[in-house]
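Biologist: I am new to this structure. Could you take me through it?
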Amino acid sequence: MALASPVALAQGPAAVAIAAEIGGGLNGTTKLTLTLSKSVEARAFVMERPDRVVIDLAEVNFQLGPETGRKREGLVASFRYGLFAPGRSRIVVDLAHPATVAKIETVTRAKDGAVLLSIEFQRAERDAFRRAAVASDPAPAARKDASVPEAADKRPLIMIDAGHGGTDPGAIASTGIFEKDIVFGFARALASRLESSGRYRVRMTRDRDVFVPLSERVRLAREANADLFVSIHADSISSAPQVRGATIYTGSERATDSESAKLADRENKADAAAGTETKAAPPEVADILQELTLRETRGFSSGFAKGLMAHLSPVIEMSPKPHREAGFVVLRSPDVPSVLVELGYLSSKRDLDLLQSETWRAEVTGGMAKAVDAFFGNRTSLTRPEPPKRSAAVAPVSP
C-alpha cells in the first residue's frame with residue numbers, strides 16, 4: 001500500500017525538519033508528526049520481517065536531537081531517518097505491533113508558517129499486514145552509476161567504504177554519537193591521505209550521509225575495477241565497556257569464531273534497517289577459473305590484512321584476535337581484494353575518545369597508507385587470473 005500527501009514537492013533548497021514527535025491518536029492509532037520549514041512530498045509502504053513502515057520523502061535536512069526516534073510510543077517502537085539517495089530522504093519506523101498507514105496529512109501552522117507533516121499508523125492484524133506488505137511498491141529511485149572509465153590512468157584504484165549512512169546509523173555511543181558519522185570522517189581522512197601521495201586513484205562508496213545498500217557497495221567497487229576495497233566500521237558492546245581495540249576482517253563462508261559470526265550477521269542486516277531487502281545471489285557457474293579467482297583474491301585480502309596489522313600495531317590498540325574471518329556481504333567480491341576494519345568500540349570510553357581525536361586519526365591513516373604502499377609494492381610480482389564477468393556476482397537489490 002502506498003499513500004501520497006496532497007502537497008506538491010516544493011522547489012529550491014531542501015526542507016528542514018526541526019522537530020519530530022510521536023503521540024497517541026483516536027481508536028488506538030499512533031501519529032508521527034514532523035515540523036518542517038516547507039512542504040515535502042511523502043509516500044509510505046510497509047515491510048515484514050521485521051515489521052516496519054517506510055516513509056519516503058523529498059530530501060529533508062534533519063536538524064533533530066540525538067535522542068529523537070528512540071522512545072517507544074503506542075504502535076511505534078522506534079524510528080530512524082536520514083538521506084537515502086540523492087534528492088530523497090527516508091524514515092524507517094520499527095513497529096511494536098503490525099500496523100498500516102491510515103493517512104498522511106500536511107497542515108501549515110498559522111502562527112509561524114511551519115509545516116506539520118503527520119503520518120498516522122493504524123493497528124492491523126497479521127494477515128492484513130502481510131497482504132499490505134506484499135502489495136507494497138517501494139519503487140526506489142534509480143541509483144546513478146558512479147563509475148567513470150579511466151583507462152589511461154594505470155594507478156591502482158582504491159575504494160574506501162564508510163559503513164552505514166543515511167537511515168542506517170550503525171552503532172550508537174552512550175553519548176549519542178553515531179557510528180556512521182565517526183567512520184565517514186575517518187574514511188574521508190584516509191581517502192585524502194592516499195590521494196595526497198599521488199600514487200593512487202581513490203573513490204568512496206558514499207561521499208555524504210546517505211544510505212548505500214550492501215551489495216551496491218560491492219557493485220561499485222567491481223564496476224570501477226577497483227584493486228582494493230577497504231570498509232571502515234566501529235563496533236559496540238554495551239554489556240562489555242571494557243572491551244576495546246581494532247580488528248581486521250576478511251571474507252569467508254565460515255567465521256573464525258561465534259563473535260565474528262554475530263558481528264557479520266548484525267552488519268548484514270543493514271539493508272533491512274534502512275527499509276530495503278537484498279535478495280540472495282543466484283547460484284554462479286562453478287568453473288576452475290572462478291574458483292581460482294576467488295581463491296587468489298582471498299589470498300590477496302589475507303595478505304593485505306596481515307600487512308595492515310603490522311603497520312597499525314604501533315599506532316593503534318589491537319584486539320586480542322586482530323585478524324578474523326566472517327561472511328560479511330561487503331567482502332563477497334570474487335575479484336577485488338577486500339577487508340573490513342573495525343577501528344574500535346563506541347562502547348569503550350577510551351576508544352570513543354580516540355576515534356574523535358584528529359591526532360589519532362592522522363596516525364592511524366598514516367599506518368594504513370603505509371600498508372597500502374607495501375601491498376601494491378609487492379603486487380608487481382603477482383598476477384591474478386582474468387576475473388569472471390562482473391554481472392554474475394552481485395545480488396540484485398529490491399527495496
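Biologist: Which helix does S260 lie in?
Modeller: S260 is part of helix α4. Please keep in mind that this is a predicted model.

Biologist: Is S260 buried or exposed?
Modeller: S260 has 0% relative accessibility, so it counts as buried, the cut-off being under 20%.

Biologist: And which residues does S260 touch?
Modeller: Leaving aside residues up to four places away in sequence, S260 touches Y249, A255, R324, E325 and A326.

Biologist: Which strands does helix α4 lie across?
Modeller: Helix α4, residues 258-267, lies across β13, β14 (246-251), β16 and β17. Its direction is at about 65 degrees to β16.

Biologist: Turning to the sheet, what is the order of its strands?
Modeller: The order is β12-β11-β13-β17-β14-β16, in an open sheet of six strands with mixed pairing. β12 (201-204) and β16 (318-326) are at the edges; each has a single partner strand, so one side of each lacks a neighbour in the sheet.

Biologist: How many degrees does the twist average from one strand to the next?
Modeller: The twist averages 20 degrees.

Biologist: How many bridges join β13 to β17?
Modeller: Six bridges join β13 (residues 228-235) to β17 (residues 338-345), and the two strands run parallel. Within this pair, F229 stands opposite S338 in β17.

Biologist: One more helix, please: what does α3 lie across?
Modeller: Helix α3, residues 214-223, lies across β11 (157-162) and β13, and runs at about 165 degrees to β11.

Conventions:
Residues numbered from 1 in each chain as written. Predicted model: local features only at pLDDT ≥ 70, side-chain atom pairs only at ≥ 80, totals over all residues. Heavy atoms only, no water. Pairing = 2+ DSSP bridges. Helix = DSSP H or I, 4+ residues; strand = E, 2+ residues; numbered from the N terminus. Axes fitted to C-alpha atoms, helices over the stretch in contact; angles between N-to-C directions. Contact = heavy atoms within 4.5 Å. Buried < 20%, exposed > 50% of the residue type's maximum accessible area, 1.4 Å probe, protein only.
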